[in-house]
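Hi,

Here is the structure I said I would pass on. Have a look at it first, and my notes follow below.

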Amino acid sequence: MKAAVFQGAGQPLVVQSIDTPAVGAGEMLLKVKYCGVCGTDLHYTEEGTPVAPGAVIGHEFCGEVADVGPGVADHWKVGDRAVSMPFVGCGACASCLSGKPIWCRAMRTHATGQISGGFAEYTPIGATGSVKLPDGVSWEEAALIEPLAVGLHGVRRARLDAGANVLIVGAGPVALGVVVWAKVLGARRIVVTARSDRGAAMAVSLGATDFITGDKDVRREFRKVAGGLPDAVFECVGAPGVLEQCIALASIRGQVVVLGGCMRPDVVTPAAAMNKELNLVFSLAYDLYDFEVAVDRVARGVIDPSAMITDRVDLASFPDAFEALRQRTHQCKVLLSPGGRPR
Ligand SMILES: [Zn+2]
Ligand SMILES: [Zn+2]
């Protein structure tokens, strides 16, 4: 099969012919229709990456089942349309059986290329971590289930009350996923703040009620539109200093939900959080429930995330498109279609 193969930190991916991965017990082979590019992918191709040269990454994929491994229940057959969590566990422990393979001690992931990932014509997926796509979900929508599931998981971690006022810090795909679900789950003001207003139109089209650029006094502007400070602040940036800002912005007994993966040491003042009795919670990825709910809501037309897609590229132009994302860009979600544009 053809794949965009990782060569080493700081080097562009190269399209090469490699062996099509074998499917193990409990696994299926997915013919990839689309695989989205994530900030994590860029991060994992930089210095300090755990990805080995020769590996294939890409974890936001959807496609058609092309082969079924031993032990896969009758539930799946070749030709089924599927999305899948990019984690494959043992399939037998409590975490796996409850749809949370991310916590399985034997978990392997496409994200770091431990399992050959979605920047390729085929990728192996775990049967128990996969969800069938109803006809009502297009391939493009299916490619957005993973980022939507990230947002849903974060909003579930917040246990929002209907009518809550929320502030979302950041305007990338993770932030937009939070916007979508905050709206579905009945938030009142859904305010997005980001350094520039590049993402404003998209945030509003997906359900944000207000957008505040970072040069403004966010606290004062939020009060102006919501009548008080946010019940929940979602940190969707993952850079040093942002968490401290989120703590300062949250209301008394409000909460801060961290979805941004800051990889560097960061400083916060615990007393600032303590003085408000804040809840500080962290949100990592998703479980099967998040995937199922996201598929269901898209299939029923409750949410339409398609506006997040800003570009679609084939395998030949993918390495250049991928490198271009390292610079500040207007792109939101870029989709690779390794087998040509799906219909
Ligand atoms: Zn991702
Ligand atoms: Zn397990």
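Let me start with a loop residue: alanine 164 sits between α4 (145–158) and β10 (166–169); helices here are DSSP runs of H or I with at least four residues, strands are runs of E with at least two, and both are numbered from the N terminus. Alanine 164 has 22 C-beta neighbours inside 10 Å, so it counts as buried. By that I mean 20 or more other C-beta atoms within 10 Å of the residue's own, with exposed meaning 12 or fewer, partly exposed anything in between, and the C-beta atoms placed from the backbone. Setting aside neighbours within four places in sequence, alanine 164 is in contact with Ala187, Arg188, Asp231 and Ala232 (contact means C-beta atoms, placed from the backbone, within 7 Å). Its C-alpha atom is 7.6 Å from that of glycine 186, which is 22 residues away along the chain.

Before going on, a word on the source: this is a predicted model, where local features need pLDDT of at least 70 and side-chain atom pairs count only at pLDDT 80 or more, while totals for chains, interfaces and linings use all residues. Residues are numbered from 1 along each chain as its sequence is written, and chains are lettered from A and ligands numbered from 1 in the order in which they are written.

Now the domains. Across the boundary, seven residues of domain 1 are in contact with eight of domain 2. On the domain 1 side, those residues comprise four nonpolar, two polar and one charged (nonpolar is Ala, Val, Leu, Ile, Met, Phe, Trp, Tyr, Cys and Pro; charged is Asp, Glu, Lys and Arg; polar is the others, Gly among them).

Next, the open sheet. Six strands make it up, in the order β12-β11-β10-β13-β14-β15, with parallel pairing; two strands pair if DSSP finds at least two bridges between them. At the edges are β12 and β15 (279–282), each pairing on one side only. Direction ignored, neighbouring strands are turned by 20 degrees against each other on average. Within the sheet, β13 and β14 are joined in the parallel sense by four bridges, and valine 233 stands opposite valine 256 of β14. Helix α8 packs on this sheet, touching β10, β13 and β14, and its direction makes about 170 degrees with that of β13. Helix α5 (residues 173–184) lies across β10, β11 and β13, at about 170 degrees to β11. For these angles, axes are lines fitted to C-alpha atoms, for helices over the stretch in contact, and the values run from 0 to 180 degrees between N-to-C directions.

Which residues of α8 are buried? They are Leu243, Cys246 and Ile247. Seen down the axis of α8, they fall within an arc of 100 degrees, so they line one face of the helix; the arc is that of the directions from the helix axis to the C-beta atoms. These residues pack against β10, β13 (232–235), β14 (255–258) and α9 (270–274).

Just after α7, glycine 227 takes a positive phi of about 80 degrees.

Finally, strand β3 (residues 27–36). Nine of its ten residues are buried, so β3 is largely enclosed by the rest of the structure. β3 has these antiparallel pairings:

- Strand β8 (residues 122–126) pairs with β3 over five bridges, with glutamate 27 opposite glycine 126.
- Strand β4 (residues 60–68) is joined to β3 by eight bridges, and methionine 28 has valine 68 as its bridge partner there.
- Strand β17 (residues 333–337) is joined to β3 by two bridges, where glycine 36 partners leucine 335.

Cheers

Terms used. Contact = placed C-beta atoms within 7 Å.
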